[in-house]
Amino acid sequence: MGHPLVGDLSGLSTDELHKKYAELVKRVHQAYRMGMGDAVHQLNMLLEDYQGEINRRNEKMLADMANKSAEFKHIIDITR
């Protein structure tokens, strides 16, 4: 379950997504140093949502590359 205030992250460019993720990491560190446990928890929930979107994009990019590459045509998929 994600943070209720995140909204749809698919509309962001990859650069924007990574910049916002880096900014959230900075804010988590600041909140942690200041002893703001509740804020750290909320920010970690946001980070999970952003990381999930980054992971989805990376998986899609890898799948697209594998589908287009002739080198992957004869590899047996053992993950299924």
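## Glu-53 and its contacts

Glu-53 touches Leu-9, Ser-10 and Leu-17, leaving out residues up to four places away in sequence. Glu-53 sits in helix 2 of this predicted model. Is Glu-53 buried or exposed? Its relative accessibility is 10%, so Glu-53 counts as buried. The cut-off for buried is under 20%.

Leu-17 belongs to helix 1. In sequence, Leu-17 and Glu-53 are 36 residues apart. In space, their C-alpha atoms are 8.4 Å apart.

Leu-17 has a relative accessible area of 0%, and therefore counts as buried. Which residues does Leu-17 contact, leaving aside its neighbours within four places in sequence? They are Leu-9, Leu-12, Tyr-50, Glu-53, Ile-54 and Arg-57.

## Ile-54, next along helix 2

Ile-54 lies in helix 2, which covers residues 37-68. Ile-54 is buried too, because its relative accessible area is 6%. With neighbours within four places in sequence set aside, Ile-54 is in contact with Leu-17, His-18 and Tyr-21.

Ile-54 can also be compared in position with Leu-9. The two are 45 residues apart in sequence. Their C-alpha atoms lie 9.5 Å apart in space.

The protein has 2 helices and 0 strands. Helix 1 and helix 2 pack at an angle of about 155°, and their axes are 9 Å apart. Why do the helices count as roughly antiparallel? An angle over 145 degrees counts as roughly antiparallel, so helix 1 is roughly antiparallel to helix 2. Helix 1 passes helix 2 in a left-handed crossing.

From helix 1 they include Thr-14, Leu-17, His-18, Tyr-21 and Leu-24. From helix 2 they include Leu-43, Leu-47, Tyr-50, Glu-53, Ile-54 and Arg-57. By type, the residues of the contact divide into 14 nonpolar, 4 polar and 4 charged.

## The nonpolar core

The largest nonpolar core holds 13 residues. Which members touch the most other members? They are Leu-9, Leu-17, Leu-24, Leu-43 and Tyr-50. Helix 1 and helix 2 each supply at least two residues of this core. Helix 2 gives the most, with 6 residues.

There is a general pattern to keep in mind here. In soluble globular proteins, nonpolar side chains tend to be buried together.

## Gly-7, before helix 1

Now move to the segment before helix 1. Gly-7 lies there, and helix 1 itself spans 14-33. Is Gly-7 buried or exposed? Its relative accessibility is 60%, so Gly-7 counts as exposed. The cut-off for exposed is over 50%.

Gly-7 and Asp-49 are 42 residues apart along the chain. Their C-alpha atoms are separated by 9.6 Å.

## The whole chain

How much of the protein is buried? Buried residues make up 24% of its 80 residues. Glu-53, Leu-17 and Ile-54 are among the buried residues.

Contacts can also be sorted by separation in sequence. Take the contacts between residues at least 6 apart in sequence. Of these, 60% join residues at least 24 apart.

Key: Residues are numbered from 1 along each chain as its sequence is written. This is a predicted model: local features need pLDDT of at least 70, side-chain atom pairs count only at pLDDT 80 or more; totals for chains, interfaces and linings use all residues. Side-chain values use heavy atoms; hydrogens and water are left out. Helices (H or I, at least four residues) and strands (E, at least two) are DSSP runs, numbered from the N terminus. Buried means under 20% relative accessible area, exposed over 50%, partly exposed in between (1.4 Å probe, protein chains only). Contact means heavy atoms within 4.5 Å. A nonpolar core is a set of buried Ala, Val, Leu, Ile, Met, Phe, Trp, Tyr and Cys residues joined through side-chain atoms within 4.5 Å. Axes are lines fitted to C-alpha atoms, for helices over the stretch in contact, and angles run from 0 to 180 degrees between N-to-C directions. Angles under 35 degrees count as roughly parallel, over 145 as roughly antiparallel, 65 to 115 as roughly perpendicular and the rest as oblique. A crossing is left-handed if the near helix is turned anticlockwise from the far one by less than a right angle, and right-handed if clockwise. Ala, Val, Leu, Ile, Met, Phe, Trp, Tyr, Cys and Pro count as nonpolar, Asp, Glu, Lys and Arg as charged, and the others, Gly among them, as polar.
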